[in-house]
Amino acid sequence: MSRKPALLLIPGLVFILFGFAIPSAIMLLAPPSTDTADVFARFGAMLTDPYDLAIIWRTVRIGVIVTVACVVLGFPIAYLLARSTSRFAGMWLALAIFPLLLSNVVRTFGWLVILGSQGAFGQLLVVLGITDQPPQLLYTELAIVLGLIQLFLPLAVISCYSAVAQVDAGLDHAARGLGATKSQTLWKIVIPLSRPGILIAGTLVFAGATTAYTTPYLLGGSSQRMLSTQLFSYASVSVDWAAASATALMMTLLVFMVSGLSSLISRKAGVTS
Amino acid sequence: MKGRPILGTLAVLGYIIMIVPILFVVSTAFTAGDALTFPPQGVSLRWFGEALAYQPFVGALLSSLQLAVVSTALALLLGVPVTLAIQRGKIPGKSLVEGLFLSPLVVPELVVGLALYQQIMIGLHQTSFVALLVGHTVLLLPYAVRVTGASLALADPAVEEAARGLGATPLRTFFSVTLPLLRPGIFSAGLLSFVTSFNNVPLSLLLQSRQFRTLPVTMLDYVQQSYDPMIAAMSTLILAGTVVIAIVAEKTLGFAKIFGGINK
């Protein structure tokens, strides 16, 4: 078997090259009935057009907010569960991971029920006498941010959990025994040692949040376009291949830049520590 | 959580954001009223009946199941040999090859979908099922390669060498030694692949046709036109199916093991 690895590799290799790598490259750089020059011209135009810039900026802004929120909420869950001695810890971990298996569409519908004009949150504000009219919460950036946090928090929990679980709990006890406070132990021992996992969590969440489609489509509508919803509209409504490719290129570069940056940081950290 | 007020509060907030929206969907599915409002008006199962009698949902459910099963099988058929070659063979540029098979995780799905739409559906005049099968399989290959790879990496190659040394043929070694070692990995990869394909939106949306449309796409379409509790009922049925899959996963291998392979 080990003498003929090529035979095992070839079918998969052919499939991924012709079903993925080559078509994606063609679409990004030389889409049908347009020139590569057109794509780059549109790409350049996007960087000066106020409408396109607003979409790029919104995508990056939402990506950053969602990433920070997922790490800030996900790390405590991971940390408390990894260090818990409760027999229910496994059940809580399963509850945090379970949403990953559930359809994005189903998970996002929940926000329609909560934030919609007849929704629970607006009604609650009226009942409490905080406002007279239910506020417009759907089709706002806040709705997209909440939806994306819900979507990607389980991913952040898993990455942080496997990172914290690898940090020997004995180190926590040692630090505490030497007089460190709980928060000193957390900030000086646990967080620095689990930084690679936190970095992976952040990268996965950012890549997912900036390219997600269902959430900005359902919760942002046409007034709060992100790169993904804009790309879909170029592809299916206006059938503008050059613009679609330029938008796709922007989205891909954004994801590659951030994952490149994060592997650079983790490599640098690996050298110094 | 005792003595950790800030961490505890953040964790509770996190759970609320992850779980509460799902509970709202479930509670509105059991309404007796006509509108998707909260609190629901009365309790009934009528919207479940309507969802199961609504032909576009039923047809789309069958399409989604068919696509998920076939693309999972194809991804495993192509991906497991690749794992074997990467883990056990001596191939040049091993990390490059592995990177190539994992790259569908990094490239945005809309990019892959649009590429296949332009080149397979328009360029090669193939049906949307063919394009979807290619797209979904590509999307699942990283699971087939990485998750089965994680289980194989844990196994000692010496076991296989011992079998060969004791006179087993390569084929016999594969079926009686390697395959059993791979089985948990294949099971995890298959489960994740099935769920990923079934839930996919970006590819299924771009590559749909009037003849072939998956359930999530049909539901997105439906909610744009009519906003009634039938969508909550269908969502609750999907939730119930997912809970069954989750319980099977937890009872057989355990969640942590199944998801552990993704993040290595």
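Two residues are taken to be in contact if their C-beta atoms, placed from the backbone, lie within 7 Å. The model is predicted, so that local features need pLDDT of at least 70 and side-chain atom pairs count only at pLDDT 80 or more, while totals for chains, interfaces and linings use all residues. Residues are numbered from 1 along each chain as its sequence is written, and chains are lettered from A and ligands numbered from 1 in the order in which they are written.

**View 1. The surroundings of A:Leu101.** A:Leu101 sits in the loop that lies between helix H4 (89-97) and helix H5 (104-115) of chain A, where helices (H or I, at least four residues) and strands (E, at least two) are DSSP runs, numbered from the N terminus. Once its neighbours within four places in sequence are set aside, A:Leu101 is in contact with B:Val195, B:Thr242, B:Ile245 and B:Ala246. A:Leu101 counts as buried because 24 other C-beta atoms lie within 10 Å, the cut-off being 20 or more other C-beta atoms within 10 Å of a residue's own, with C-beta atoms placed from the backbone.

**View 2. The contact between chain A and chain B.** Chain A gives 72 residues to the contact and chain B gives 74 residues. On the side of chain A that touches chain B, the largest share, 15 residues, belongs to helix H1 (residues 5-29) of chain A.

**View 3. Chain A.** Chain A has 13 helices and 0 strands, and its C-alpha atoms fill a box of roughly 75 × 70 × 35 Å, taken along the principal axes. Of the 273 residues in chain A, 48% are buried.

Methods: A residue is buried if 20 or more other C-beta atoms lie within 10 Å of its own, exposed if 12 or fewer, and partly exposed in between; C-beta atoms are placed from the backbone.
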